[in-house]
Every structure is written in structure tokens, then in C-alpha cells.
Amino acid sequence: MNNILTVARKEIQEGRRNRWVLATTLLLAGLALTLTFLGSAPTGNVGVNQLDVVIVSLSSLAIFLLPLIALLLSHDAIVGESERGTLILLLSYPVGRSEIVIGKFLGHLSILAFSTLIGFGAAAVALVASGTVISPASWRAFAIMLGASILLGAVFLSIGYLISTLVRERSTAGGVAVGIWLFFVLIYDMALLGGLVAAQGRSVPALLLDGLLLANPTDAYRLLNLGSGAASALSGMGGVAAGSSLSAPILTVALLLWAIVPLGIANIVFARREA
Amino acid sequence: MTASVTTTSVSKQYGGVAAVKDVCFELNAGETIALVGHNGAGKTTLIKLMLGLIRPTSGSVTMLGGDPARGDFHVRQSVGYLPESVSFHMALTGRETLAFYARLKRVEFSNAEILFKRVGLAAEAVDRPVRTYSKGMRQRLGLAQALLGTPRILLLDEPTSGLDPALRHNFYDLISELRADGATVLLSSHALTELENRADRVIIIDRGVKIADGTLDELRHIASLPTRVIIRLSDMEASPQWSGEWCRQAGGAWEVSVDAADKIDLLKRMTSEPSLLESLTLAEPTLDELYAHFLGRQAAQ
């Protein structure tokens, strides 16, 4: 446990020194603030709760950006150290291989969580500062959105670690990471929509649709945030959510599995590998 | 003496290629051993086997009584390792880097200043990011981390590459201190020359096979390379009358190669007529010649 914290701490220290923490926080905060004030322009101040609008726009932003940041951080975690020659020295120390993987993962997760909380939190703070009244239900939905966003980041960090232990070269890891991002964030949904269109209105078995939605962590995330409450009406995801039996706990468990399983496999692969 | 490292017929294959074949040796406490071989001869593979970073295809390695591949805490804690061309996380400072490794080894970090001084890392450099370090400074930082927690075994892969001569000297003084404390020090090198008077024992490996193991004197004895005798005669026009194949050097000196057995006899005959000689120099076979001899013998087999 001590070793895990030591490794995690070093990873955070490095992230701060490399300006990774600063850059991602500023990026997320900048985009979140932009979306908040641009997003409130069309709706004005009547009707819907403004924070719900922010939740919808921030979730859509998170689906694109957090997986990308997570993969950028993690794809090079193991293979990069191996290529730079720092891994061999680390492995000669009294530290377990799983402690290295988990410690680095936790370090990266802290960086990501910090950036998300501060970056997205800035949007909520700005709303409050501009005098908007926010209902407790909206605050709850916002908190869930923050938690889910961090979980989404954890999923893609985990996938990045798996890539990083499987490949032999950094450039390969980078290529695979970009491919994974494109697949889950863009191609998968397009293919899914294409499939639904091809089905020409025939009803798709609910179980199949549920499975397909859980098989992509970004879809599980989208459903978790936009499937219920005020956000569902705003985003148009209510229709999908109504036709699906996926509840918030199931979606959360699915995301947790997505975060744990690739990291677990990465651990096994790394333990067997010869340095 | 107790063996701190033992390898028993250890072999390691990568794919179909044997990087190390059937190597046996023991390294003892308080001994400094030079592991010598060309680049790619298998030195680094042997060191990785000793560290337990890779597992032998056959045979076994024992470090301080345990299997290094199991990663026992007390074994790992007692081993210092300096990788060939060591590298660190560029963004951290020297002090942060050393603190990180000290925590992993559960070593008090309070004596960092002493350690930095010991390896000659300037105080003003310690708090700068490693990115700004020269190769020699990185090597010193690498040495500092290897010395954390007074290790009982030190594995140093090409430790003096990138160090300037003054620092090299300083480095070997450090090795002598460690040896006096009873540590086993293994130095790998691709050249023997600089190890003269530094190593108690030399192990030469070539293409994964151990081809020689012994003190430098023993190796000299086994190789029985001729000594070169160089003289200058008082009479520049004369040629030496002593037996042997004398040949004339560019500067007017004469040189002959003489076997160890005949050396004393020749010297006695020459010095019995001191008036003929202006100067006399003996050149024992250099370590490079010795090394070349063993490699040549291996190639001939």
C-alpha cells in the first residue's frame, strides 16, 4: 500500500511539473465556461433550470474530451517508461509490478479527477456567481455528472494501461489509443444508428440494445447522465432511456467493470512480461 | 568467504538466440568483480538475471540465498543497481528523484546531502530538474540511488561511461570504500584497461559464454603473453647481441618479445653489461592484449 502511494505521488508530482494538471484543468474549465454562457443564451432565464442545461452540455463535452485526455495520459504509462529506460531501474526496487501499475493508475486518476472537478465545477460556480437559483435536484444531478465523468475517465485510463502493457513501442500505443478513441466515441454510435436505420423501424430486441449500450462505456455514461430527470427531456435521450431497462445502478456497475477489468488484464500481462 | 551471488549453469534464450549459455560463477562478499565482454556479449542479460528482471531458461541464480525472480523484499532492498546509460523522470529534480527511490527502499532520506557529496553532484544541481543534467551528472545521480541504504550487492552496468577522468578516479575510490565495508561489487565493462588494480577478479564473457574467470595475475599466467623489452643502446650504430628477435623501433630503440620464463634470464645477461645500455623499459602485456588473447582463443576453438 505504501509503495502504491509512493508511486501515485510521484506520478502526480510529475503531472504537476509537466503542466499536465494545469493544461487539462484550464482546457476543461475554459470549455465548460464557454458552454455555460453560450448555452444559456438561447434558453434565456425562463423555464428550464440553467444547471440542467449545463449538465447536458458538459456531458456531451466530457464524452469527447475525457476519454481523449485519459488515453493521452495513460497510453504511454508503461511502454513509455520502458522505452525511456526508467522502468528497468524501478523494477529492480523492492516494489511489486502490480503496485507500479495501480500506483501509476491512481496518480493519473487523481490528476484527471482534479481537473474535472475544478474545470466543471468552475461552470457551476460561475452560474451561482451570476445570480442563478439552482434547485437541490439539479445540484444532485450535477454531482452525479461529476462522479460519472471521473468514472468515464477511469475507464479510459484503464483501457490506456492495457494498451500500454500490450504493445512494445510508444508509437504503436499512441496509434492504438487514437483508434480506440475513434471507435468508442465516433464510430460505434454511428454504426449503431446505421444498424437501427437498417432495421427500418422493426423493433430491436430490448436486451440486444441494452447489451450494445453497455458494450460502449461512453454510451453507458451518456445514458447515466442524460437518461433521467430534467436532462433527459433536454437532450432527447429520454426516448432511448425509456425503451431500455438499464437503471442507474446497472449503468454504474457497467462503468466500474469497464474501469476494473482492463486494468486487471494489464496487471496480469505486466506480471508475466519480462523486462 | 560466503557467496552472495551464485549462478549455476544459467542459460537465457531470447527466441531461438542464446544470450547467455551455461554460465557458472560465485561472487563473494567484499569482492570487486569485473564482468568484461564486448557489447552484446551477454553482460546486461546476466545482470538482469541476477536482478530477477528476467527468468533463466535453464539453470538458476541465487542472490543472498534467495531466488531474485521471486522479488523478496530483503533481497531487493540489499541490492543497488546502476543500469547502463541510466535515465530518470526528466521533470523531477535530483533531490525528488532520490527521495522517491529512498521511499521505495524504505531508507531514511536524511543523509541525502552526504550521498550527493559522495557521488560529487554539486549542491546547486540537486534542486534542478533532471532534464537539465549532463550525462555525467545523470550517471552520478544514478550512482547515488544505487548506494541508497548501504547495499550488500552492487551491480553496476558500464558505470564509468560518461564520467570524466577525475570523476572516474573518485568513483573507484568509492568502490574501494564499499569493498572495505564487505559489499560485493560487480562492474561490467567492455574494456579491461581501466579496471587495472580495481577489480579483485575478472570474468570475461564472449557471446554468452564465460571464457575466463580469475584474478588478473592468474589470467596473465594462463595466457602467458610475452613481455616486451625495449632498450636504447649507448652506441647508436650497434645492434644488440643478446639472443632473441630484436627489431629496431622508429626512435632508434630496440625491442624484443620474451616469454615470462626467459625474462629474468635475459635481464640478467643484459644488466651484466650496463655500459652498453642507455635505457631499459619493460612492458608487461596490457589488459587489452590479455583480453584480446582470451577472445582470440575463444574464436579459435
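Tutor: Start with a rule: two strands count as paired when DSSP finds at least two bridges between them. Keep in mind that this model is predicted.

Student: What makes E1 and E4 of chain B a pair?

Tutor: At least two are needed. Strand E1 (residues 3-14) of chain B is joined to E4(B) by five bridges. So the two strands pair under the cut-off of at least two bridges. They run antiparallel. Ser11(B) has Ser58(B) of E4(B) standing opposite.

Student: What is the order of strands in the open sheet of chain B that holds E1?

Tutor: The order is E2-E1-E4, three strands with antiparallel pairing.

Student: Why are some of these strands called edge strands?

Tutor: Look at the sides on which they pair. Strand E2 (17-28) and strand E4 (58-63) of chain B each pair on one side only. Those two are the edge strands. Neighbouring strands of this sheet are turned against each other by 20° on average, direction ignored.

Student: Which helix lies across E1, E2 and E4 of chain B?

Tutor: Helix H1 (residues 43-51) of chain B does. H1(B) runs at about 60° to E2(B).

Student: How do you know whether strand E6 of chain B is enclosed or open to the outside?

Tutor: Count its buried residues. A residue is buried if 20 or more other C-beta atoms lie within 10 Å of its own. In strand E6 (residues 153-157) of chain B, five of the five residues are buried, so the strand is largely enclosed by the rest of the structure.

Student: Which way do the residues of E6(B) point?

Tutor: Ile153(B), Leu155(B) and Asp157(B) point one way. Leu154(B) and Leu156(B) point the other way. All are buried.

Student: What makes E5(B) and E6(B) a pair?

Tutor: Use the rule of at least two bridges again. E5(B) and E6(B) have four bridges and run parallel. So they pair, with four bridges set against the two required. Val79(B) stands opposite Ile153(B) in E6(B).

Student: How many bridges link E6(B) to E7(B)?

Tutor: Five, in the parallel sense, with E7(B) covering residues 184-189. Leu155(B) has Leu186(B) in E7(B) as its bridge partner.

Student: How do you know whether the length of helix H7 of chain B agrees with what a helix should span?

Tutor: Compare two values. H7(B) has 16 residues (165-180), and at 1.5 Å a residue they should span 22 Å. Its end C-alpha atoms are 23 Å apart, which agrees. Gly182(B) follows H7(B), with a positive phi near 95°.

Student: Where is Ser135(A)?

Tutor: Ser135(A) is in the loop between helix H6 (97-129) and helix H7 (136-166) of chain A. Asn49(A) is 86 residues away along the chain, with 7.7 Å between the two C-alpha atoms.

Student: What makes Ala248(A) count as it does?

Tutor: Ala248(A) has 14 C-beta neighbours inside 10 Å, so Ala248(A) counts as partly exposed. Ala248(A) is in helix H13 (residues 248-272) of chain A. Its C-alpha atom is 5.8 Å from that of Leu224(A), 24 residues apart along the chain.

Student: What share of each chain counts as buried?

Tutor: In chain A, 44% of 275 residues. In chain B, 34% of 301 residues.

Student: Where do the domains of chain B fall?

Tutor: Domain 1 is 3-221 and domain 2 is 226-284. Their centres, taken over C-alpha atoms, are separated by 43 Å.

Student: How many residues are in contact between the two chains?

Tutor: 24 residues of chain B are in contact with 20 residues of chain A. On the chain B side, helix H2 (73-77), strand E5 (79-82) and helix H3 (94-105) give two or more residues each. H3(B) gives the most, with six residues.

Student: What kinds of residue make up that side of chain B?

Tutor: It divides into 14 nonpolar, five polar and five charged residues.

Technical notes: Residues are numbered from 1 along each chain as its sequence is written. Chains are lettered from A and ligands numbered from 1 in the order in which they are written. This is a predicted model: local features need pLDDT of at least 70, side-chain atom pairs count only at pLDDT 80 or more; totals for chains, interfaces and linings use all residues. Axes are lines fitted to C-alpha atoms, for helices over the stretch in contact, and angles run from 0 to 180 degrees between N-to-C directions. Two residues are in contact if their C-beta atoms, placed from the backbone, lie within 7 Å. Ala, Val, Leu, Ile, Met, Phe, Trp, Tyr, Cys and Pro count as nonpolar, Asp, Glu, Lys and Arg as charged, and the others, Gly among them, as polar. The expected span of a helix is 1.5 Å times one less than its number of residues. A residue is buried if 20 or more other C-beta atoms lie within 10 Å of its own, exposed if 12 or fewer, and partly exposed in between; C-beta atoms are placed from the backbone. Domain bounds come from an automatic or database domain assignment.
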